[in-house]
Amino acid sequence: MATLTRTRPPSGPLGRTANGAERAIAPVVLGIIVVGIWQLLAGTGLVEAYLLPSPAAIVDEIVEFWPSMVSAAGITGLNALVGLVAGSLLGIAAALVASTSRPFDGMLAPIVAALAVIPIVALAPVLNTMFGADSQTGRQLIASLAAFVPVFITTARGLRQTQPVHRELMTSFAATRWQVMRTITLPTAVPYTFTGIRLASSLAVISALVAEYFGGPRGGLGGLISSSAASSAYPRAWAYVVAAIALGLAFYLITLALERWVSRRR
Amino acid sequence: MSNAVTVTGVDKVFDSGAGQVVALTEVALDVAPGEFVSLIGPSGCGKSTLLRLIADLESPTNGTVEVFGTSAHQARLDQRYGIAFQQAGLLPWRTVAANIALPLELSGMPKSDVRARVDELIALVGLGDFGDRFPDQLSGGMQQRVAIARALAKKPQLLLMDEPFGALDEMTREYLQTELLRIAAETGAAVVFVTHSIPEAVYLSDRVVVMSPRPGRIAEVVPMSLGSTGSRADDLREDGSFFEMITAVREALHGGGVAAAPRGVENR
Ligand SMILES: Nc1ncnc2c1ncn2[C@@H]1O[C@H](COP(=O)(O)OP(=O)(O)O)[C@@H](O)[C@H]1O
Ligand SMILES: [Mg+2]
């Protein structure tokens with residue numbers, strides 16, 4: 001309790017602490033080495049080009065199909081974003097309801113457990129048929145279902161983390177239920193919710209992508225990966241995979257930054 | 001004027017999973033306005049329970065607890081007491097000033113009045129420039145001062161404290177003891193103070209209530225003849241009268257009652 005620092009230094013998986021630059025350099029160096037080995041391997045002809053195209057071939061495709069790649073990332077990204085926002089709001093609302101009423105808690109817990117084990121993308125063909133061939137709604141629904149689960153679980157947990165000493169103080173201040181909610185319960189839960197949103201962000205992107213494999217309008221990254229692969233344009237398929245990774249990474253990093261910022265200042 | 005605290009014939013029994021725990025039996029205690037009373041005794045003898053009954057954080061199984069002539073419940077609703085625990089219990093997402101302001105905000109005090117009162121309180125507990133800091137930027141002793149300022153926010157005439165200095169180092173502890181006596185004298189508040197340190201109880205108190213366990217009860221009340229609490233200073237700690245009082249409390253704690261009563265007398 002007697003620390004003078006504002007934030008605790010982040011510690012690596014091995015418990016070592018590293019500064020920001022060191023932490024960024026390590027994976028970049030590793031990435032360069034891996035890509036280098038990959039390029040060499042592809043150059044020797046040891047691996048057939050259709051199995052694993054060389055990085056240079058993929059980069060060529062990225063450059064050539066850049067505009068289509070940006071618009072495809074936009075389509076898939078929007079589906080994932082709509083799903084992430086809707087699923088998070090729903091998850092927060094459901095967790096609030098569960099925390100204020102025991103019967104609802106009992107009802108919601110098994111429903112969420114069921115949702116968590118259903119492979120949600122398995123719903124894609126059904127939803128695509130339901131909403132029609134030219135609608136993104138089914139995909140957005142799938143992304144929001146995927147986002148709902150972690151946000152609900154972390155928020156529900158966060159709402160139970162108020163410290164006894166804080167609750168007793170509020171009792172001594174003769175605070176109303178709503179005042180307790182507003183001044184301690186919600187601020188305590190907020191960082192938990194944002195952890196859930198960070199976990200949900202990757203799930204939302206993956207679900208939005210994979211849902212495109214099961215029909216519906218083309219033009220998203222998932223659709224273009226599958227159609228490029230189907231027409232044996234492997235370097236182009238890989239180029240779209242790279243774009244999908246970049247999209248997922250962007251969602252993750254933005255939600256991670258939000259989480260960090262929020263837990264420092266609630 | 002009515003007593004700050006009147007506890008009459010109080011029993012407290014907890015129903016826990018393993019059965020019933022008798023935490024307190026037949027406790028009676030009066031605390032006069034402005035008086036400083038410490039509760040001391042081995043761990044588990046019911047000190048915290050007694051304090052929590054006065055604070056209306058628990059209800060007695062039998063008997064009554066009155067605070068300034070009303071029920072403990074009404075006194076809590078009227079915010080007649082301020083409370084501090086061993087854990088400062090500050091909200092980590094609020095600044096020092098916002099933590100002190102919390103009870104004032106909750107009771108709907110206008111913003112400008114809140115600011116003025118918080119400035120007064122920060123000065124009272126000697127936190128000068130730290131109003132904008134966050135709790136994790138403060139030492140344990142400073143956090144505890146914030147907790148005391150918060151407890152005093154609504155100008156209560158009763159301060160309830162459960163081992164507030166229990167987690168602090170000895171130097172900080174002695175410093176804050178003297179500060180607390182000054183603050184209590186300035187505000188005129190009565191204090192009920194739980195501790196397990198004999199010197200702390202002696203230094204701070206007008207009377208030391210010695211409790212004993214199984215079942216929790218008041219064994220003896222030892223008056224401290226050391227002059228008014230507001231005029232005590234660190235040199236008292238080296239005074240002969242201080243050591244006499246420490247001995248008196250220690251003997252009461254160990255059930256001897258040597259000085260007060262002949263041996264063999266029942267140790268109530
Ligand atoms: N909420 C509770 N439920 C059950 N037993 C309790 C509860 N609070 C206190 N007790 C029991 O009452 C006794 C007195 O506890 P406490 O007042 O905390 O003692 P002290 O503060 O003197 O160490 C202990 O035996 C404790 O286990
Ligand atoms: Mg205790």
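Modeller: The model is predicted, so local features need pLDDT of at least 70 and side-chain atom pairs count only at pLDDT 80 or more, while totals for chains, interfaces and linings use all residues. Residues are numbered from 1 along each chain as its sequence is written, chains are lettered from A and ligands numbered from 1 in the order in which they are written, and side-chain values use heavy atoms, with hydrogens and water left out.

Chain B has eight helices and 10 strands, where helices (H or I, at least four residues) and strands (E, at least two) are DSSP runs numbered from the N terminus. Its radius of gyration is 19 Å, close to the 18 Å that the globule rule gives for 268 residues, so chain B is as compact as a globular protein of that length; the radius is taken over C-alpha atoms, and the rule is 2.2 Å times the number of residues to the power 0.38. Along the principal axes, the C-alpha atoms of chain B fill a box of roughly 60 × 45 × 40 Å.

Of the 268 residues of chain B, 51% count as buried, a term that means under 20% relative accessible area, with exposed meaning over 50% and partly exposed in between (1.4 Å probe, protein chains only). Among the contacts in chain B between residues at least 6 apart in sequence, 70% join residues at least 24 apart, a contact being heavy atoms within 4.5 Å.

Turning to aromatic rings, a search of the whole structure finds six aromatic pairs over all chains. Rings of Phe, Tyr and Trp (its six-membered ring) pair if their centres lie within 6.5 Å, and planes under 30 degrees apart count as stacked, over 60 as edge-to-face and the rest as tilted. In chain A, the rings of A:Trp38 and A:Trp238 have centres 6.4 Å apart and planes at 70 degrees, so this pair is edge-to-face. That pair links distant parts of its chain, with A:Trp38 in helix α1 (residues 20-44) and A:Trp238 in helix α10 (residues 234-264), 200 residues apart.

Back in chain B, B:Tyr203 and B:Phe242 form an edge-to-face pair, 6.5 Å centre to centre and with 85 degrees between the planes. This pair also links distant parts of the chain, 39 residues apart, since B:Tyr203 lies in helix α7 (residues 198-204) and B:Phe242 in helix α8 (residues 240-253). Both B:Tyr203 and B:Phe242 are buried. One aromatic cluster is formed by B:Phe36, B:Phe165 and B:Phe193.

The backbone comes last. Most residues other than glycine have a negative phi, and most peptide bonds are trans. B:Glu26, although not a glycine, has a positive phi of about 45 degrees; B:Glu26 sits in strand β2 (residues 19-31) and is exposed, with a relative accessible area of 69%. B:Phe68 likewise has a positive phi, of about 50 degrees, without being a glycine, and is found in the loop between β4 (62-67) and β5 (70-71), where it counts as buried at 10% relative accessibility. The peptide bond from B:Arg214 to B:Pro215 is cis, with omega near -10 degrees, and B:Pro215 is placed in the loop between β9 (207-212) and β10 (217-223).
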